[in-house]
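Here is a briefing on one protein chain. Please keep the sequence and the 3D view open while reading.

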Amino acid sequence: MKALVLAGGTGTRLRPITHTSAKQLLPVANKPVLFYGLEAIADAGITDVGLVVGDTAPAIEAAVGDGSAFGFRATYIRQQAPLGLAHAVLVARDFLGDDDFVMYLGDNFIVGGIRQLTEAFRTSRPDAQIMLTQVADPREFGVAELDQAGRVIGLEEKPQQPKSDLALVGVYMFTPAIHEAVHELKPSWRGELEITEAIGWLIDHGKTVRSTTITGYWKDTGNVADMLEVNRLVLETIESRQDGTTGAGCEIIGRVAIEAGAHVSGSRIVGPVIIGAGSTISGSYIGPFTAIGQDCVIEDSEIEYSILLRGASIRGVRRIQASLIGHEADVRRAPQVPQVHRLVLGDQSMVQISS
């Protein structure tokens, strides 16, 4: 069994961060979200992994390398434009050959991995196996319709009037039967080759499509709110460690991981929190569910429930919450006089000001 990992999306809902960074490499508890999926694939015993990449291919390849760090062999497959999940299967045809495969969306996060799911698929080998979960607003997802016996009888992508609240999770398992289905597709109204339509083709042609409704945690980390929520969940599991140094006047409460080369002085840290290598915290409050990347600087400030990317700095600011702060961003207190806001913002930035 092979794996096909989709890592070519543009991340429009995470702009402006994704103007310069691959969305799959944004960190959750200081580790790229893509890595959690790759680790789950390796844990399932899969050793041949194809990564579908787009404009951010150099960054993805630099981060993943040849795959040996994860225990598999990585092959990179270029997709010229993000034209749908089924299009990714189409461009990966030579890599996939006639093997069964799991397709994993690189910005998805699933607690518990996929080992049991892949083992069940290998045993029964339906033509397709999909994972479902209940969601509050199905209109944002691919949605499955089941009959009285729980069999999949229909799928629809982002329907305005959903027929159920069961959304497709970003993990699919296929036999080579999917290739004929993909070959028969025409672009949808979105201009994409939809994997939901390919699975629907299998159903219409008498193929076996099975579903598993998962009860564990799943998130598509496609926006800031979901990134912060997954970050919170992962930080709940970290263990305390102090590989860095702490100076006088520090108060460390709960699970706090201070990585090598980081230094904390005169600050109150309330976990769960992770502080990246080379970062400096002084005279500040770091609240729960905060991940501070490498080489960050926080001085005389307060922040909680946030993610700081490598090299970001915050100086003299009260208080920051629920924020995603990009690489080498500089956040600082404005001069007291005049009472104005001075901003330098990139494309599609979002700023909320209380005044």
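A disulfide is a pair of cysteine sulfur atoms within 2.5 Å. The model is predicted. By the disulfide rule, the count comes to zero. Salt bridges, in contrast, number 22.

**Cysteines**
- The sulfur of Cys250 lies 17 Å from the closest cysteine sulfur, which belongs to Cys296; that is too far for a bond.
- Cys250 is partly exposed, with a relative accessible area of 25%.
- Cys296 is buried, at a relative accessible area of 0%.

- Helix H2 spans residues 33–43, and eight of its 11 residues are buried, so the rest of the structure largely encloses it.
- The buried residues of H2 are Val33, Leu34, Phe35, Tyr36, Gly37, Leu38, Ala40 and Ile41.
- Just after H2 comes Gly45, with a positive phi of about 85 degrees.
- Helix H8 covers residues 195–204 and is mostly covered, with eight of its 10 residues buried.
- Among the buried residues of H8 are Ile195, Trp201, Leu202 and Ile203.
- Gly206 follows H8, and its phi is positive, near 75 degrees.

- Ser313 sits in strand S27, residues 313–315.
- Ser313 is buried, with a relative accessible area of 8%; the cut-off for buried is under 20%.
- The side chain of Ser313 makes a polar contact of 3.1 Å with the side chain of Arg315.
- A polar contact of 3.1 Å also joins the side chains of Ser313 and Asp330.
- Neighbours within four places in sequence aside, Ser313 is in contact with Val297, Ala329, Asp330 and Val331.

**Salt bridges of Arg315**
- Side chains of opposite charge can pair when their charged atoms come close.
- Arg315 and Glu299 meet through their side chains in a salt bridge, 3.5 Å from N to O.
- This pair links distant parts of the chain: Arg315 is in strand S27 and Glu299 in strand S24 (residues 297–299), 16 residues apart.
- Arg315 is partly exposed, at 27% relative accessibility, and Glu299 is partly exposed at 32%.
- Arg315 also forms a salt bridge with Asp330, whose closest N and O atoms are 3.9 Å apart.
- Asp330 lies in strand S30 and Arg315 in strand S27, so this pair ties together parts 15 residues apart in sequence.
- Asp330 is partly exposed, with a relative accessible area of 44%.

**Other salt bridges**
- Glu236 and Arg255 form a salt bridge, with the closest N and O atoms 3.3 Å apart.
- The pair connects distant parts of the chain, 19 residues apart: Glu236 is in the loop between helix H9 (224–235) and strand S14 (241–242), and Arg255 is in the loop between strand S16 (251–253) and strand S17 (256–258).
- Glu236 counts as partly exposed at 35% relative accessibility, as does Arg255 at 31%.

**Nonpolar surface patch**
- Leu343, Val351 and Ile353 form a nonpolar patch on the surface, and together they have about 250 Å² of accessible area.
- Ile353 lies in the segment after strand S30 (330–332).
- Ile353 is partly exposed, with a relative accessible area of 41%.

Definitions and conventions
Residues numbered from 1 in each chain as written. Predicted model: local features only at pLDDT ≥ 70, side-chain atom pairs only at ≥ 80, totals over all residues. Heavy atoms only, no water. Patch = residues over 30% accessible without salt bridge, like charges linked within 9 Å, V, L, I, M, F, W, Y side chains within 5 Å. Areas by Shrake-Rupley, 256 points an atom, 1.4 Å probe, with all protein chains shown as cover. Salt bridge = Lys/Arg side-chain N within 4 Å of Asp/Glu carboxyl O. Helix = DSSP H or I, 4+ residues; strand = E, 2+ residues; numbered from the N terminus. Buried < 20%, exposed > 50% of the residue type's maximum accessible area, 1.4 Å probe, protein only. Polar contact = N/O pair within 3.5 Å; in protein donor to acceptor, adjacent residues only side chain to side chain. Contact = heavy atoms within 4.5 Å.
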